[in-house]
Structure formats: C-alpha cells, structure tokens
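Thanks, I'll keep this short. Please look at the model on the screen, and I'll go through one part of the fold and then the packing around it.

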Amino acid sequence: FSENLAGKVVVITGASSGIGEHLAYEYGRRGVRLALTARREKSLQEIADRARDLGSPDVIVIRADVSKVDDCRRLVEETVNHFGRLDHLVNNAGINTVCMFEDAPPDMSLFKAIMDTNFWGSVYTTRFAVPHLKNSKGKIVVMSSAASWMTDPRTSVYNASKAALTAFFDTLRIELGSEVKITIVTPGFIESEITQGKFLQRDGNMEVQQDMRDVQVSSIPLGSASGCAQAIVNSASKGDRYLTHPSWFRVTYLW
Ligand code: NDP
C-alpha cells in the first residue's frame, strides 16, 4: 500500500545538495508541502523554487545547523507553526571525513563533528518531531549507509555514526510501535558533494580534505542522487522498514 503524498508535510534536513536536494524534487513532484533545511540558505532557496515548479504547493526554507539542539527544535517548531502538521521527517543531513584515526587532531574535534551532525542531529530532530508524527501517524526516514557495515580505513567514525543511527532507529521503531513508521536507508556510493569531499572545502578544513572517490572500488559505479531519492520516497510512502539495494551491498562484498 503506497500512501498518497499530495498535501502532506515533509521536513528534509540536508536539503541544500545531493540526495536531499533530489528528495525535495521527488516529494515536490508528488504535491508534497516542504520544509527544506540546511546551513546554505541560497542553495535552499534555489532548490525550493525548483520544487515549487515541479508541483509542491508550498515550500519554506529554514536555515539550521542540526548539530545544535536549539536549531533542531526551531526547525520543527517553524514547520508546524507554518503548516499546522508534520507527516514525514527525513533525517538526511550528514558529513564525512577521509582521515586515518591517528592523523586526526588529538582533541577529536573532527570526529566529534561527525557524530554531532550524523547521529545527534538526527536524534535531536526526531525528539522534537515525534509528538507531531504521532498525531499524523507519520513516518521517519533515516539516512544510514552501507558504511555502517564497512571497515574501510580513514572513515572509522563516519562508519560508526551510521551504525549508531541504524541501532538507535531500530530500537525506536519498537518503542513507537505502529504509531510512527521508520524507514532506514543504507545507500552505497552515490554521486554527491560528500563523495567529493566538498563540504570540507566549504568549511575550510583543508588539512584532511580529500576526494572520497579515491577510496572507491573501481568496478562499482556511483549511483545517482536522483535515483536514490526516487527509491527513498517510494519506500517511505509504502512504510518499508529498510531500503537497500543489491548494488549497495556489493560495495562491502568487493571491498
Ligand atoms: P551532500 O554533501 O551533497 O549532502 C549533505 C547535506 O547535509 C547537505 O545539504 C549539507 O548542507 C547538509 N549538512 C551537513 N552538515 C550539516 C549541519 N551541521 N546542519 C545541517 N545540514 C548539514 O551529500 P549526500 O547527499 O551524499 O548525503 C546525504 C546523506 O546521505 C548523508 O547523511 C550521507 O551520509 C548519506 N549517504 C551518502 C552516501 C553517498 O555515497 N553519497 C552513501 C550513504 C549515505 P549544508 O552544508 O548547506 O549545511
């Protein structure tokens, strides 16, 4: 059974590029009302315009840093104040670094930033969204990763952040029972800024900036962000527990 999404209200974190950007287009095509959030407001505004052109009746942009608990509270509040409800929360914002554990700054700031964004950002946002999602019998989408079962050197904390997300949301699914459905997504390599290390250039952290494509197995093609987004919206609207794909598993088998 696939939910009719027209008129529903969806929050997408990390909507300023990559998979999140294409989720905005995919939900927009289905007539969903959208709250798009990330730190780059100009990109969000451009993506909001395109989502409206594709069919979304109402799109708002909320500048927020998900590693900050107050921003997560505000993004949910502003969404519900504007639309009066919330139907899907898509926890998509994420960062990565390609850095050997021993080469990272010893204060662990680099690795803490990954956990703060990938894990805590999703947990904070979910905490504020759950009461509204219970009211609407809504859904949560979580961007975990094939990385959660990979042991590639140089992405240890990223891999751990994704494994933590899977464990947390698998448990929360049991706590919430049938009131809120949760879809955990585990993509392999998808073409986006994260696989090019671009976010590190934006943050000026050149010390560990690297193109992530050098860690890829050459025989595995990159998936497209648009194809990934389409699969996610289909899966969430059906209420699937997990979304994975054979090509995403191949990433680990061939490593
Ligand atoms: P992108 O780098 O293109 O997108 C990441 C998004 O997260 C951007 O919109 C960025 O926006 C946002 N973001 C980063 N930090 C923060 C923050 N502190 N607060 C708010 N937003 C933030 O990469 P992808 O589209 O590939 O990544 C999307 C998700 O998919 C991530 O969780 C990633 O781990 C996951 N994933 C990606 C895979 C891939 O191969 N590409 C594979 C498996 C999972 P801004 O900088 O404007 O804040």
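Strand β5, helix α5 and strand β6 make a right-handed β-α-β unit. Right-handed here means that, with the strands pointing away from the viewer, the path from the first strand over the helix to the second runs clockwise. Helices (H or I, at least four residues) and strands (E, at least two) are DSSP runs, numbered from the N terminus.

Before I go on, this is a predicted model: local features need pLDDT of at least 70, side-chain atom pairs count only at pLDDT 80 or more, and totals for chains, interfaces and linings use all residues. Residues are numbered from 1 along each chain as its sequence is written.

β5 covers residues 139–143, and five bridges join it to β6 in parallel. Val-142 has Ile-184 as its bridge partner in β6. On to the next neighbour: β6 is joined by two bridges to β7, residues 242–243, also running parallel. There, Val-185 stands opposite Leu-243.

The whole sheet is open, with seven strands in the order β3-β2-β1-β4-β5-β6-β7 and parallel pairing; two strands count as paired if DSSP finds at least two bridges between them. β3 (59–63) and β7 are the edge strands, each pairing on one side only. Helix α5 packs on the sheet and touches β5 and β6, and its direction makes about 160° with that of β6. Contact means C-beta atoms, placed from the backbone, within 7 Å. The angle is taken between N-to-C directions on a scale of 0 to 180 degrees, with axes as lines fitted to C-alpha atoms, for helices over the stretch in contact.

Is β6 enclosed or open to the outside? Five of its five residues, 181–185, are buried, so the strand is largely enclosed by the rest of the structure. Buried means 20 or more other C-beta atoms within 10 Å of a residue's own, exposed means 12 or fewer, and partly exposed is in between, with C-beta atoms placed from the backbone. Lys-181, Thr-183 and Val-185 point one way, Ile-182 and Ile-184 the other. In a regular strand the side chains alternate between the two faces of the sheet.

On helix α5 we find Phe-168. Phe-168 is partly exposed, with 17 other C-beta atoms within 10 Å.

Last, the packing. The largest nonpolar core has 56 residues, and Val-142 is one of those with the most contacts inside it. Helix α7 (residues 225–238) gives the largest share of this core, six residues. A nonpolar core is a set of buried Ala, Val, Leu, Ile, Met, Phe, Trp, Tyr and Cys residues joined through C-beta atoms within 7 Å.

Conventions: Two residues are in contact if their C-beta atoms, placed from the backbone, lie within 7 Å.
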